[in-house]
Amino acid sequence: VVKWFWEVVVDDFDEEHKARLLQFVTGTSGVPAQGFRALQGNDNNIRRFTINSIPETVSVFPKAHTCFNRIDLPLYDSKKKLRKFLTMAIQMEATGFDID
């Protein structure tokens, strides 16, 4: 699933979708000048961009934890399914809808 995630981000997402994804996971749409290694949490401590897996029974949508720069990805059975629900999650976030 992690490999599929990066393939979708690198190969399928345009710059707008990448910025929305970053906003969804970190709370900001821009990368710090020092790069990903300088991402901070809300406590101003360095918090790396982290991917965590969750059972699909917990949530069909990815869940973001912006305080920790973490995304929880359900264990999808296909890359197509990951792309579909990840895209829906970042688009709902951009329009102000919540998926909880």
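Helices (H or I, at least four residues) and strands (E, at least two) are DSSP runs, numbered from the N terminus. In this predicted model, the protein chain has 3 helices and 3 strands, in the sequence pattern α-α-β-β-β-α. Local features need pLDDT of at least 70, side-chain atom pairs count only at pLDDT 80 or more, and totals for chains, interfaces and linings use all residues. Residues are numbered from 1 along each chain as its sequence is written, and side-chain values use heavy atoms, with hydrogens and water left out.

**Overall dimensions**
- The radius of gyration of the protein chain is 13 Å, in agreement with the value near 13 Å for a compact globule of 100 residues; it is taken over C-alpha atoms, and the globule rule is 2.2 Å times the number of residues to the power 0.38.
- Along the principal axes, the C-alpha atoms of the protein chain fill a box of roughly 35 × 25 × 25 Å.

**Burial**
- Of the 100 residues of the protein chain, 31% are buried (under 20% relative accessible area, with exposed over 50% and partly exposed in between; 1.4 Å probe, protein chains only).

**Aromatic rings**
- The whole structure holds 6 aromatic pairs (rings of Phe, Tyr and Trp, its six-membered ring, with centres within 6.5 Å; planes under 30 degrees apart are stacked, over 60 edge-to-face, the rest tilted).
- Phe5 and Trp6 form an edge-to-face pair, because their ring planes lie at 80 degrees, with centres 4.9 Å apart.
- Phe5 is buried at 0% relative accessible area, whereas Trp6 is partly exposed at 37%.
- Tyr76 and Phe85 are stacked, because their planes are at 5 degrees, with centres 6.0 Å apart; both residues are buried.
- Phe5, Trp6, Phe36 and Phe49 are linked into a cluster by ring pairs.
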